[in-house]
Amino acid sequence: MPKTIVEKIMSEHSSGDVKAGDLALCRIDFCFSQDGTSNIVIDQLHKLGVKKLFDSQKIAFVIDHNAPSSKEGASAVHKRMRDFAKEFGMKLYDIGCGVCHQVIPEGGNVLPGNMVLGADSHTCTYGALGAFATGVGSTDLAITAASGKNWFKVPETFKIILSGEAKRGVTAKDIILYIIGKLTADGATYKAVEFNGSYIDKVDMSGRFTICNMAIEMGAKCAFMPVDKKTTSWLKKYNIKSKFNIVAPDKDAIYEKILEYDVSEISPMLAKPHVVDNTCQVQDLENTEINEVYIGTCTNGRLEDLEQAHSILKKYKVKNDIRCIISPASKNIYLEALRLGLIKDFINAGCVIVPPGCGPCVGTHQGVPADNEVVVSTANRNFKGRMGNTNAFIYLASPLTAAASAVTGKITDPRKFI
């Protein structure tokens, strides 16, 4: 029977030949949790009476959501994670390492064809490497850490073909926002999504990570990009030499839907408050006054994202009454941005650089807006209270749009600056 990528990976990780709609008990190659979810993971493992994890080198904790700690309660959670990781010989990515969805793949923990679970909803990011990766609850993560397995319903698959050439100023972030606006927040609920087409062939790995990262914002269980020379070059960049299995769909695989979008028809996009599928073109809201810009996150904190923002901020300064906060996604990216002079130029432009981590995105610290303030963010969510204040307004955008808006103090089409 012809198979999609998710059907092949799940078949290879289970004891049967499975298809969409089947239930499958699958072997997991790697799992992790972060400081917002690890406390419950530890609680559940203790309740289960677990004395040994299925493989301590295939499980990790990441301290990124409140790093460095901003309060006593967070510090207690961090200490508990460190103590547990030491006791069980687990991998631990401590403060300063970066956002889980950057440091986990950078660390060689994800390979094409793998099955990866994370106690974080944006684990689907790793589909950019051709892996099945999905977010689960803390209890499911604990079960996986103990047994090395978990059960799934095999998803149906949407195939999304992205053809054409993006216009000047249009990035992968704009394209995924456009798609989410078309499909809506629940338009692909519990579906696997295979992205391909001439645009995907050309887009860099950062763009592929961005698109897969936001698949959950249209309800998807997981997302996949084709594994090609760009994928293998990325793995080599991080000295990842392990053998892996490239999984591609069969030519006659059965898809629930096949959707095609011509990216040449897409302009710079925004997601308006307070839901991600509330999208529009940037030009529709130009001159909306703002108070803060945030550039970073697991969606757009990679070097290529910082370079996009830098293309504007190396020439123009942040408007005097605007706060522009920048957070590289990992220590490696921070160091590379330093080496290339990006950080110096950002600081000279009036930006504030904060440590690699999730703080401003999830509203734990380092950028919580005041009541009625307006933020342009490169994050993946703009829900009420997402950045720590339920009375603030968050617009999601690309690093180009965010940087242009920081310069003018208003929502601004980046094509005016590039």
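Guide: In this predicted model, strand E14 (residues 292-295) runs parallel to E17, and 3 bridges join the two.

Visitor: What makes E14 and E17 a pair?

Guide: Pairing requires at least two bridges, and E14 and E17 have 3, so they count as paired. Val 293 stands opposite Val 376 in E17.

Visitor: How do you know that E17 and strand E18 pair?

Guide: The same cut-off of at least two bridges applies. E17 and E18 (residues 393-396) are linked in the parallel sense over 4 bridges, so this is a pair as well. Ser 377 has Leu 396 in E18 as its bridge partner.

Visitor: Why are both faces of strand E17 called covered?

Guide: Val 374 and Val 376 lie on one side of E17 (residues 374-377), Val 375 and Ser 377 on the other, and all are buried. Buried means under 20% relative accessible area, so each of these residues falls below that value. In a regular strand, side chains alternate between the two faces of the sheet.

Visitor: Why is H11 called roughly parallel to H15?

Guide: Helix H11 (residues 303-313) and helix H15 (residues 399-408) pack at an angle of about 30 degrees, their axes 8 Å apart. Angles under 35 degrees count as roughly parallel, and therefore H11 is roughly parallel to H15. The crossing of H11 with H15 is right-handed.

Visitor: Which residues meet where H11 packs on H15?

Guide: From H11 they include Asp 305, Gln 308 and Ile 312, and from H15 they include Leu 400, Ala 403 and Val 407. By class, this contact has 8 nonpolar, 2 polar and 1 charged residues.

Visitor: Why is Asp 345 called partly exposed?

Guide: Asp 345 has a relative accessible area of 26%. Buried is under 20% and exposed is over 50%; 26% lies in between, so Asp 345 is partly exposed. Asp 345 sits in helix H13 (residues 342-349). Leaving aside neighbours within four places in sequence, Asp 345 is in contact with His 310, Leu 313 and Lys 314.

Visitor: What makes E4 and E6 the edge strands of their sheet?

Guide: The open sheet has 5 strands in the order E4-E3-E2-E5-E6, with parallel pairing. Strand E4 (91-93) and strand E6 (132-135) each pair on one side only. Strand E3 (residues 59-62) pairs with E4 over 3 bridges, and Ala 60 stands opposite Lys 91 in E4.

How values were computed
Residues are numbered from 1 along each chain as its sequence is written. This is a predicted model: local features need pLDDT of at least 70, side-chain atom pairs count only at pLDDT 80 or more; totals for chains, interfaces and linings use all residues. Side-chain values use heavy atoms; hydrogens and water are left out. Axes are lines fitted to C-alpha atoms, for helices over the stretch in contact, and angles run from 0 to 180 degrees between N-to-C directions. Angles under 35 degrees count as roughly parallel, over 145 as roughly antiparallel, 65 to 115 as roughly perpendicular and the rest as oblique. A crossing is left-handed if the near helix is turned anticlockwise from the far one by less than a right angle, and right-handed if clockwise. Contact means heavy atoms within 4.5 Å. Ala, Val, Leu, Ile, Met, Phe, Trp, Tyr, Cys and Pro count as nonpolar, Asp, Glu, Lys and Arg as charged, and the others, Gly among them, as polar. Buried means under 20% relative accessible area, exposed over 50%, partly exposed in between (1.4 Å probe, protein chains only).
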